[in-house]
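Here's a quick briefing on a protein model, with the core, the pocket and a few individual residues picked out. Have a look at it first, then read on.

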Amino acid sequence: MTMAVDHKSPRKPRQITGRTVLFSLIAFFGAIAAMNAVMIYIAIDTFPGLEVDSSYKVSQRYNKEIAKAKAQAALNWSVDAVIERNGDGSAHIRVIAKDKAGAPITGEAVTVKLHRPTITSADQDLVLSERSAGEYVANASGVGAGHWNVIVEIADRNDKALPIFRSKNKTFFAE
């Protein structure tokens, strides 16, 4: 096998030196580190990963939360929430609440919180109005497709700070 060599070419073949390899490695891993830094910044900026501001403060209320959950279970209420989303992003929310005897629960303050699991800018807190005995309704706008956390709370109209009933569920709205 013969190889043709052009002796007339003014260009010398380029040699790979230690300096070339070093700069190539630094550039390669530098580009990867820069892209990782950008992705970490974007991830932390859009979702801080916090469910609550202070885990310590929440832990101090742990026994009270257990007592409230037992009191809620003892009520044996039946609370059903139905959310119907329209194609334009609006939604109709209907909550039907009955006590353990099946009688409608009336005269209470009912709120529904629609929260995105990842983006807090789309969150909405809605106060429902009582349409009929035990039926509470509200309309929401800007309810986009995707995953949502739905938190239904029923509180005494005179003391809205402590909900009598609280339910947290997840739902998904298709496009």
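**L114 and its surroundings**

Start with L114, which touches I83, I93, A122, D123, Q124, L126, A140, V143, W148, N149 and V150, leaving aside residues up to four places away in sequence; contact here means heavy atoms within 4.5 Å. Bear in mind that this is a predicted model, where local features need pLDDT of at least 70, side-chain atom pairs count only at pLDDT 80 or more, and totals for chains, interfaces and linings use all residues. Residues are numbered from 1 along each chain as its sequence is written, and side-chain values use heavy atoms, with hydrogens and water left out.

**Nonpolar core**

- The largest nonpolar core has 22 residues, and V79, V95, V112, L114 and L128 touch the most other members. Such a core is a set of buried Ala, Val, Leu, Ile, Met, Phe, Trp, Tyr and Cys residues joined through side-chain atoms within 4.5 Å.
- At least two residues of this core come from each of strand 2 (91-98), strand 3 (108-115), strand 4 (124-132), strand 5 (135-140), strand 6 (146-156) and strand 7 (159-173). Helices (H or I, at least four residues) and strands (E, at least two) are DSSP runs, numbered from the N terminus.

**Largest pocket**

- The largest pocket holds about 960 Å³ of space. On a 1 Å grid over the protein atoms alone, a pocket is an open set of points where a 1.4 Å probe fits, with protein on both sides within 12 Å along at least five of seven lines. Grid points are joined across faces, edges and corners, and the volume is the space filled by probe spheres set on the points.
- Its lining has 26 residues, and E51, V52, I151, R166 and K168 lie nearest the centre; lining residues have an atom within 4 Å of a point.
- Helix 3 (62-75), strand 3, strand 6 and strand 7 each give the lining at least two residues, with the largest share, 6 residues, coming from strand 7.
- By type, the lining splits into 12 nonpolar, 5 polar and 9 charged residues. Ala, Val, Leu, Ile, Met, Phe, Trp, Tyr, Cys and Pro count as nonpolar, Asp, Glu, Lys and Arg as charged, and the others, Gly among them, as polar.

**Aromatic pairs**

- The whole structure has 2 aromatic pairs. Rings of Phe, Tyr and Trp (its six-membered ring) pair if their centres lie within 6.5 Å; planes under 30 degrees apart count as stacked, over 60 as edge-to-face and the rest as tilted.
- F28 and F29 have ring centres 5.0 Å apart and planes at 80°, so they pair edge-to-face.
- F28 sits in helix 1 (residues 18-46) and is partly exposed at 48% relative accessible area, while F29 is exposed at 52%. Buried means under 20%, exposed over 50%, and partly exposed in between (1.4 Å probe, protein chains only).

**Loops and other residues**

- N76 has a positive phi of about 55° although it is not a glycine, and its place is in the loop between helix 3 and strand 1 (78-85).
- Y62 lies in helix 3 and counts as exposed at 53% relative accessibility.
- N158 lies in the loop between strand 6 and strand 7 and is exposed, with a relative accessible area of 74%. N158 and E108 are 50 residues apart in sequence but 8.8 Å apart in space, C-alpha to C-alpha.
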